[in-house]
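Here is a friendly walk through one protein structure, a few spots at a time. Keep the 3D view open and follow along.

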Amino acid sequence: MSSTELRRTALDATHRALGATMTDFAGWDMPLRYGSEREEHLAVRTRAGLFDLSHMGEITVTGPQAAELLNFALVGNIATVKPGRARYTMICREDGGILDDLIVYRLDEPGAASAHYMVVANASNAQVVLDALTERAAGFDAEVRDDRDAYALLAVQGPESPGILASLTDADLDGLKYYAGLPGTVAGVPALIARTGYTGEDGFELFVRPEHAVALWEALTKAGEGAGLIPCGLSCRDTLRLEAGMPLYGNELSTALTPFDAGLGRVVKFEKEGDFVGRAALTEAAERAATQPPRVLVGLVAKGRRVPRAGYQVVAGGEVIGEVTSGAPSPTLGRPIAMAYVDPAHAAPGTEGVGVDIRGSHEPYEVVALPFYKRQK
């Protein structure tokens, strides 16, 4: 795909003016880094970072039967999400394979006559999720609307982010729980303020109209000057989420895996009323996982310096026991790390004799529990 065909966010000119290295990500021209990936990563861990996430896919679901539709279309129990809260869930195929992992926000006021949800899909899967929800809406009194062009999405992440945002809004940030969202005004801009970060740090996501994105970016940049906030690209977002043990669709999640294969069976709510797409297949997958545990997603920390990459084989005793799904140097740990699916017999933290085949050389790795990094609260 040529650069002329790539979609550009409302902040495109801002990124170029900042000297960002741009990259094609799921059909969008996105900032990979502005300077040093390591400096951007450490800024989020110790101070604050500002991200453009406008490539994410927003889909609005409204109507008297919006909750019933989402309960049928997704594996979670969306009917129990209270106004102002959000839930992590998945949308699966009839065979149980994961189409995408999602965050669903309930945006209507308590007591409203009609429910209002915003489904946020990964950029690479937004059209697939939109098509599936539209198809699954047949027979429900609910509307599915493509709102990808209606929002820009900025995120400020890191320990200094609450103070930075508080200086620009009178919204009740102290009362905003993790996995919640509330409407507010930030630097004079109407926004949905959410707290569902993907970095392992505290932080906020700001959904605004695209025409307000530049003014909000500039206001956040100015407000964050004294706190050490810097712009951050997708490269450090990946190493941050890897350290935090958070799955990435296309790496740890795919249509070849069910939520139970991915160790995320807890998101499937069999107890909810009515049928849902994939229920029968997922029931079988749950029973299979109970009797024949699938490969387990584990953390691997290098004893040497060589970096593992997705697709590399994990080995022990001359046998292949698994496969790396994500790997990178960890700025926080100072060593290469990876997530990998491995056979249950080799999944316990501290298991000896595990290595990664890096171009024919079996490099030694330590098996550790996920996440690699957990912030001190």
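H41 touches C236, T239, L240, E243, P331 and T332, leaving aside residues up to four places away in sequence. Contact here means heavy atoms within 4.5 Å. H41 sits in helix α2, residues 37-46. Helices (H or I, at least four residues) and strands (E, at least two) are DSSP runs, numbered from the N terminus. With a relative accessible area of 0%, H41 is buried. The cut-offs go like this: buried is under 20% relative accessible area, exposed is over 50%, and partly exposed is in between, using a 1.4 Å probe and protein chains only.

A word on what you're looking at: this is a predicted model, where local features need pLDDT of at least 70, side-chain atom pairs count only at pLDDT 80 or more, and totals for chains, interfaces and linings use all residues. Residues are numbered from 1 along each chain as its sequence is written, and side-chain values use heavy atoms, with hydrogens and water left out.

**Two of the residues that H41 touches**

Take E243, one of the contacts of H41. E243 forms a salt bridge with R45, and their closest N and O atoms are 3.0 Å apart. This pair links distant parts of the chain, since E243 belongs to helix α7 (residues 234-243) and R45 to helix α2, 198 residues apart. Both E243 and R45 are buried. A salt bridge means a side-chain nitrogen of Lys or Arg within 4 Å of a carboxyl oxygen of Asp or Glu.

C236 is another contact of H41, and C236 is buried at 1% relative accessibility. A disulfide is a pair of cysteine sulfur atoms within 2.5 Å, and a search of the whole structure turns up zero disulfides. C92 is buried too, with a relative accessible area of 0%.

By the salt-bridge rule the count is 18. Here are three of them, side by side.

| Salt bridge | Closest N to O distance |
|---|---|
| E243 and R45 | 3.0 Å |
| D275 and R279 | 3.9 Å |

As for D275, is it buried or exposed? D275 is exposed, with a relative accessible area of 53%.

**A helix on the inside**

Now find helix α3, residues 66-73. Six of its eight residues are buried, so α3 is largely enclosed by the rest of the structure. The buried ones are A66, A67, L69, L70, N71 and A73. What do they pack against? Their neighbours are β5 (57-63), β6 (86-92), β7, β8 (115-121), α4 (126-136) and β9 (143-146).

**The second largest pocket**

β7 turns up again here: β7 (98-106), β11 (181-186) and β12 (189-194) each give at least two residues to the lining of the second largest pocket. The largest share, three residues, comes from β11. Sorted by type, the lining has nine nonpolar, two polar and four charged residues.

Most residues other than glycine have a negative phi, and most peptide bonds are trans. A26 has a positive phi of about 55° although it is not a glycine. You'll find A26 in the loop between β2 (21-25) and β3 (28-33), where A26 counts as partly exposed at 37% relative accessibility. Y179 isn't a glycine either, yet has a positive phi of about 65°. Y179 lies in the loop between α5 (161-166) and β11, and is buried with a relative accessible area of 18%. Finally, the peptide bond from L370 to P371 is cis, with omega near 0°. P371 is in the segment after β20 (361-368).

Definitions and conventions. Nonpolar A, V, L, I, M, F, W, Y, C, P; charged D, E, K, R; others polar.
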